[in-house]
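Work through the exercises below with the model open. Try each task before you read its solution.

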Amino acid sequence: MNFVIPSFAPAIPEMVLLGLISFILVADTFWSKRYQFATYYATQITLVVVGYLILSSFATTQVITFDGSFVRDSFADILKLFTILVSLGIFVFSREYLLQHKFYSGEFFILGLFGVLGMFVMISAHNMITMFIGLEIMSLAMYAMIALRKDYGQGLEAAMKYFVLGALATGMLLYGFSMIYGATGSITFPEMAKVIASGNVDSVVLSFGVVFVVIGLAFKLGAVPFHMWMPDVYQGSPSAVTLYLGTAPKIAGFAMLYRLLEEALPGLVKDWQSLIIMISILSMVVGSLIAIVQDNLKRMLAYSGIGHVGFMLLGVIAATPEGYSASMFYVIVYALTGVAGFGMIVALSKTGNEFDKISDFAGLNARNPWLALMMLVILFSMAGIPPFIGFWAKIIVIEEVIKAGFTWIAVIGVIMAVISAFYYLKVVKAMYFDKPEDESPIETTSSGSNWAVSFFALALFVLGLVPSSLIDLCYQSLKVM
């Protein structure tokens with residue numbers, strides 16, 4: 001029996017990340033009582049080290065290892081780097097929030113790192129088993145994070161809802177995987193694509209498998225009609241956990257979507273394209289309309305996120321390298337905007353006040369003009385108003401879906417974008433024109449949060465002025481594969 005030693009080099013960032021997580025997990029039991037913030041700083045250093053490893057060996061060609069189960073390419077490296085950037089911001093915002101609400105613990109940061117590891121594995125997955133392992137590492141970490149605050153009934157309820165519905169969706173995804181494996185006889189994405197292209201498959205079994213896989217993907221992304229967990233979980237979770245749930249996992253979710261639909265099932269575009277069209281339109285419509293009546297900002301941003309998933313899927317509908325690149329750009333922009341938006345809620349949250357209602361932002365301009373201006377930038381970017389980066393994200397996905405011949409879907413997207421501007425402007429109106437109940441000045445919970453909010457908000461403005469660099473990065477990443 002010949003045993004081939006796999007090349008470990010492409011997976012060094014993941015291996016180092018796992019090693020450092022294991023070290024921090026053990027070390028936290030020793031240093032947590034003596035040095036309160038040691039785990040927090042170790043977490044941030046870990047992310048920086050892993051980011052450096054990815055940058056220093058940035059992939060310019062596709063490298064496949066571990067018997068075809070793991071791939072490293074520029075697409076994966078770019079998404080991993082943005083996952084790290086977003087995670088750094090999440091942990092900066094979360095530290096003071098956890099202290100304010102008296103459930104600061106090293107476990108939050110360790111679970112967050114395990115979630116990042118799961119995202120990395122999902123992004124580089126090259127077969128169905130690796131994809132599932134990455135998904136479960138990420139999901140289990142998020143279930144635990146939601147329930148971490150044991151005295152918070154809403155959080156425990158949210159964790160139970162997410163766990164039960166997540167298990168159901170995972171079962172559907174696995175059922176789809178098993179049917180596709182049964183039809184193709186392979187679990188590796190390129191091999192599956194070759195078998196499907198040859199035509200020597202049972203098309204009925206394959207079609208059922210695709211349907212179940214798309215259902216599982218739609219749930220993980222929070223797309224309609226598999227979205228009902230999202231508003232309840234976002235509202236019920238502690239704000240720091242909502243910040244985590246609503247940002248970095250979306251990047252990994254898009255990578256999962258791309259690897260499965262483009263690399264494994266390109267020969268079944270006609271089967272899954274109609275499903276994605278339906279899911280995209282429903283997500284844009286439901287997300288935009290139901291968000292209007294929300295008075296809880298986290299719940300409003302959850303429905304807003306559902307709408308954004310619908311827009312992101314416009315590029316997937318095109319089913320071209322340019323379309324996927326546009327969706328990649330959209331999901332990166334959405335993650336950065338989400339960190340800024342949810343981060344503002346976390347940064348302003350004090351003991352006894354989550355600061356998550358629209359009414360809490362009433363008169364913010366009178367209480368802190370700078371924070372009101374930063375929130376204005378964030379909301380305008382979410383709404384897709386120029387010159388902010390969110391405008392370009394919507395423009396290029398709409399452009400790609402028009403190029404693919406789906407002008408009518410683009411028209412629906414434009415209409416929903418206009419409608420969605422209303423609920424963002426509702427928050428702007430509260431900040432600048434409503435009178436606050438408490439007129440005393442308000443500050444963020446820490447200077448770190450203040451700097452982080454300013455950094456992410458101003459990045460949305462600067463990237464909006466010069467969007468070509470990030471757009472080109474996304475387009476080039478899929479051309480070199």
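Predicted model: local features only at pLDDT ≥ 70, side-chain atom pairs only at ≥ 80, totals over all residues.

**Exercise 1.** Find out how many residues of helix α11 are buried.

Solution. 
- Locate the helix: α11 covers residues 248-264 and has 17 residues.
- Check its span: from first C-alpha to last, α11 reaches 24 Å, close to the 24 Å expected.
- Count the covered positions: 16 of the 17 residues are buried, leaving α11 mostly covered.

**Exercise 2.** Explain where R259 and E263 lie relative to each other, and decide whether each is buried or exposed.

Solution. 
- Recall the geometry: an α-helix has 3.6 residues a turn, so residues three or four places apart point the same way.
- Check the contact: R259 and E263 form a salt bridge, with the closest N and O atoms 2.6 Å apart.
- Apply the cut-off: buried means under 20% relative accessible area. R259 has 0% and is buried. E263 has 13% and is buried too.

**Exercise 3.** Work out which parts the D232 and R299 pair ties together.

Solution. 
- Start with the contact: D232 and R299 form a salt bridge, the closest N and O atoms being 3.1 Å apart.
- Place each residue: D232 is in helix α9 and R299 in helix α13, so the pair ties together parts 67 residues apart in sequence.
- Widen the view: D232 and R299 belong to a salt-bridge network with E157 and K161.

Key. Residues numbered from 1 in each chain as written. Heavy atoms only, no water. Helix = DSSP H or I, 4+ residues; strand = E, 2+ residues; numbered from the N terminus. Expected span 1.5 Å × (residues − 1). Buried < 20%, exposed > 50% of the residue type's maximum accessible area, 1.4 Å probe, protein only. Salt bridge = Lys/Arg side-chain N within 4 Å of Asp/Glu carboxyl O.
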